[in-house]
Amino acid sequence: MKLKGLPHKFLACLLTLIISNSLYSAETLKVGVVSPITGATATFGQENVNGIKLAYEKIKKAGGKKFDLIIEDDKSDAIESTTATRKLINIDKISAMIGEPTSSLALASAPIVQEAKIPFITPTATNAKVTQVGDYISRACFTDDFQGVVMAKFAINTLKKKKGLVLIENTSDYSKGLAKSFTDEFLKMGGKMASTEELTYAAKDTDFQSLMRKVKRANPDFIFVPGYYVEVGLIIKQARALGINVPFLGGDGWDSPKLFEIAGPAVKGSYISNHFAPDDKDPVVQNFVKDYKKVYGVNPGGFAALGYDALGIMNAAIQKAKSTKPADINAALVATKDYPGVTGKITFDANRNPKKAAVVLEAKETGFVFHTKVNP
Amino acid sequence: MSQNFIYFLWDCLQYFINGIAQGSLYAMVALGYTMVYGIIRLVNFAHGEFLMIGAMCGFYALRANLPMPAAILVAMLSSGLIAIIVERVVYRPIRKSGRIPALITAIGTSLFFQYFGQLVFGADPKTIPPFIEEKIFNLGEINVSNVQIAIFCITLFVLLFLFWLTHYTKVGKAMRAVSYNLPAAELMGINTNKIISFTFFLGAALAGLGGMLMGYTMSVEPMMGMNLGTKAFVAAVVGGIGIIPGAALGGFIIGIAENLVAGLYKSSLRDAVSFFILILILLVKPSGILGKNMKEKV
Amino acid sequence: MGYYHGILLLVGIFITLTLSLNLINGFCGQFSLGHAGFWGAGAYASAVYSVFYAFPLPAPINMLIAIAVGFIAAAICGLIIGVPCLRLRGDYLAIATLGFGEIVRISIMNTEMVGGPRGFINIPHWANIWWVYGVAFVIALFMFNLKRSAFGRAIISIREDEIAAENMGVNLFNSKLFSFTIGAGIAGMAGALFAHTQQFLHPSNFNFMWSVIILVMVILGGQGSVTGSIIGAVILTIVPEALRYAGGTVAEWRMTIFPVLLIILMMAKPEGLFGAHEISFRKRSEG
């Protein structure tokens, strides 16, 4: 078969595109973002990016050092995540990066960023292993370890319930990790599990009847479900329909208005740990909620708030840094102290995890309301 | 008998009941696969996406405050319409190129709708309410919901309807003729293109119906067709691909098996169940439970 | 590791992967839709060796062992799947292989030791661009020579016409099993290389979608053509990546354009770029 001229021309165009992109002056400071805008975890990525973009608009209007924001889609795929990260580092020559919202995607790209010594902050990846990758990796949210402890303390101290049950989504590392940290703390504080069996479900499960019957027989005082809102909504609905009336507890994976659509009035009286409460009277929070609603038309969730804070924290570090060199930005980043975030006052500890409060929210008919703030 | 064992028996019955309801959904979707395969020997990978589009349109219809029956109609019509368009624009020209290009085209169509759907509908999952007010009957250790009973009845009705259609109407006879031997049917004066379009429409409409009936148990999002479609396809194969009662049988088997495994063991293995059954059938009787063995002639 | 470097590595790995699938689909004509399962099995097996059981040997030797482990693990999977399923024809085989691919992925997802849904991290960085392209070169050479050997032609005859081949004395089952097992094993080698360059594995890398992508690489290049597979792998790794640069809206539609291109390809040139031929430098006399 003869190769006609077309493939040659095509390759030439491709090369030109690529080369011209890399010749683009590296003078302006650039911050890169890798997030799943499409694919299986697109809901999280899109929310994160909404928060990031809102923060960026605000930052552009303020004074100080300027930077460009470059957003790449990783299609919820680990290979894409690493390729996009490398593109940002090598081609766009970013000096800082806002990372992925989920722990597994963050774990894929963090080693690359660490090796390149670029400061990296993930808005919402809560698995402890993420910041263990290296000293250039930080996060804007609390870890699952902390969340679990918060809810365990809440169950025993506030709700005064000692007999509980945990339902784990065993296709989610987040769920398993959070369940473990909750259970460890709960048992340490004198709580008891109502059943010796490990009760699990999988993502995309829709029928929990048999699970619920096991729960009913075990007769706990409360049920902790560290999962995501889609399954949790169905679980609570089906539990109430079976006559299980004890309170449900959960983590930030519940945070979505869809939870109320799915579960309906059944979700009333549940409690979750979360990063922020939209009805928090703090003016920082209220301004954010107002701005977000004006641009996007809906109330922001935890993912948006953390995206907003992540870029905010990085920006504060950029402004404070001695120079625009990544190493200096990182030095300022890890020294972040009392940053007034929407999700609380943020100070990094030795492992670049923020020491900040968690909020416990109570579910009412149509949404979550602020219940208590729990400090570390 | 120990108390635990009695619980176990009741649980199995419950899983069985849930399996029948779930199986009805698989059966409805499997019907579309089997009808299309029967008529042009194509595994329509995009069938799950027809369901998805129907469910999405149904969702928007509900949002526009249409009553549930109207929304279901909208879903069925949109699935059917998309199927006809796809068949006309994409599958028909490929038909002459052979099985593999057709299969690949179907895969491409499936992927296209998934990603296009994400851009157009948004990736966030949407919720539809059950098509009738759900009432759960607590019968001691088991629960049956009126929705489950209704779905099962509707599926039976659809099966009876299809039986009547294929055996007692001209269109149905034409469908059977085309599936036996397309060139011969053409020579007998049957407008094969029209029959094929009709088959696509019917199969997709049923999928859309299934999606709306069971949509309340899952999140309606652009990637929902993938998983559902694959399992329904397995169901069709297990029952005997190309054979309508086979699709129903396969659907129920898969539904029950999945629920038994998910309930008695780990629900994260649910997806593997359908494939295990698939492999089993392919080893023991590849033409499916109700299938006939067709030997390839030289 | 640089951006271009990363892409070149992926290209090399996909070349090996495409060649391995071509052996099964292109040469032997067995339509397999679960190839990513073999890739994953090899990747995870080699990673398990490196992370948990590695001998204290210099890295190159360990890499060789890891590749061997990947090959063997994947080949065993190929054998397990092949023996029962190769009696099936066409569509049925495709479905069965799809099923097996999914079973492999779900099993990995449920295995805590390899990280399950979290992913497998901290795999040592033993492979580099020389390894990746070295293996690709060796496999390409192997396929070239196989194609021209008597055994290779026997395999190809199965694709052309099974019944005729059988009548000519070709042992159908053995030949099919050979292609399947070796094809799977080579995919396993690509998996080992993948694991030791990416240093991170996740079950979602080995799902049905990826089986489809590898399949498209084979089809695009032309089933049965070694050069075709190489070109197909190159194009389908680079073009989706290049589309990222085509500007905001196009980049967003990147994932939609890819299947459309696939459909157009099937309509316009279903035999792929090279058909079953190789690139030829001989002048052909036109009539």
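How many residues sit between β1(B) and β2(B) in their hairpin? I started my notebook there and found 2 residues between them, with G140(B) in the turn at a positive phi of about 70 degrees.

**Ground rules.** I am working on a predicted model, where local features need pLDDT of at least 70, side-chain atom pairs count only at pLDDT 80 or more, and totals for chains, interfaces and linings use all residues. Residues are numbered from 1 along each chain as its sequence is written, and chains are lettered from A and ligands numbered from 1 in the order in which they are written.

Two strands pair if DSSP finds at least two bridges between them. Here β1 (residues 136-139) of chain B pairs with β2(B) in the antiparallel sense, over 4 bridges. I looked across the pair and saw N138(B) opposite N143(B) of β2(B).

Next I checked the faces of β2 (residues 142-145) of chain B: N143(B) and S145(B) make up the covered face, while I142(B) and V144(B) are on the uncovered one.

**The rest of chain B.** I counted 11 helices and 2 strands in chain B. Going from the N terminus, the order is α-α-α-α-β-β-α-α-α-α-α-α-α. The radius of gyration of chain B is 19 Å, close to the 19 Å that the globule rule gives for 298 residues, so chain B is as compact as a globular protein of that length. For my own record, this radius is taken over C-alpha atoms, and the globule rule is 2.2 Å times the number of residues to the power 0.38.

I also laid the C-alpha trace of chain B along its principal axes and got spans of about 65 × 50 × 35 Å. As for burial, 55% of the 298 residues of chain B count as buried. A residue is buried if 20 or more other C-beta atoms lie within 10 Å of its own, exposed if 12 or fewer, and partly exposed in between, with C-beta atoms placed from the backbone.

Then I turned to contacts, meaning two residues whose C-beta atoms, placed from the backbone, lie within 7 Å. In chain B, among contacts between residues at least 6 apart in sequence, 74% join residues at least 24 apart.

**Chain C.** What does chain C have in the way of helices and strands? I found 12 helices and 0 strands. The radius of gyration of chain C is 19 Å, close to the 19 Å from the globule rule for 287 residues, so chain C is as compact as a globular protein of that length. Its C-alpha atoms fill a box of roughly 60 × 50 × 35 Å along the principal axes.

Of the 287 residues of chain C, 57% count as buried. Of the contacts in chain C with a separation of 6 or more, 81% come from residues 24 or more positions apart.

**Where B meets C.** I find 30 residues from chain B and 28 residues from chain C in this contact. On the chain B side, α3 (68-94), α4 (99-121) and α11 (270-284) are the elements that give two or more residues. The largest share, 13 residues, comes from α4(B). By class, I get 23 nonpolar, 5 polar and 2 charged residues on that side. Ala, Val, Leu, Ile, Met, Phe, Trp, Tyr, Cys and Pro count as nonpolar, Asp, Glu, Lys and Arg as charged, and the others, Gly among them, as polar.

**Where C meets A.** Chain C puts in 23 residues and chain A 24 residues. I see α1 (3-27) and α10 (226-242) of chain C each supplying at least two residues to the chain C side. The classes on the chain C side are 11 nonpolar, 10 polar and 2 charged.

**Chain A.** I looked up an open sheet of 5 strands here, with the order β2-β1-β3-β4-β5 and parallel pairing. Why is one side of β2 (68-73) and of β5 (137-139) of chain A left without a neighbour in the sheet? Both stand at the edges, each with a single partner strand, so one side of each has no neighbour there.

Inside the sheet, I98(A) stands opposite I121(A) in β4(A).
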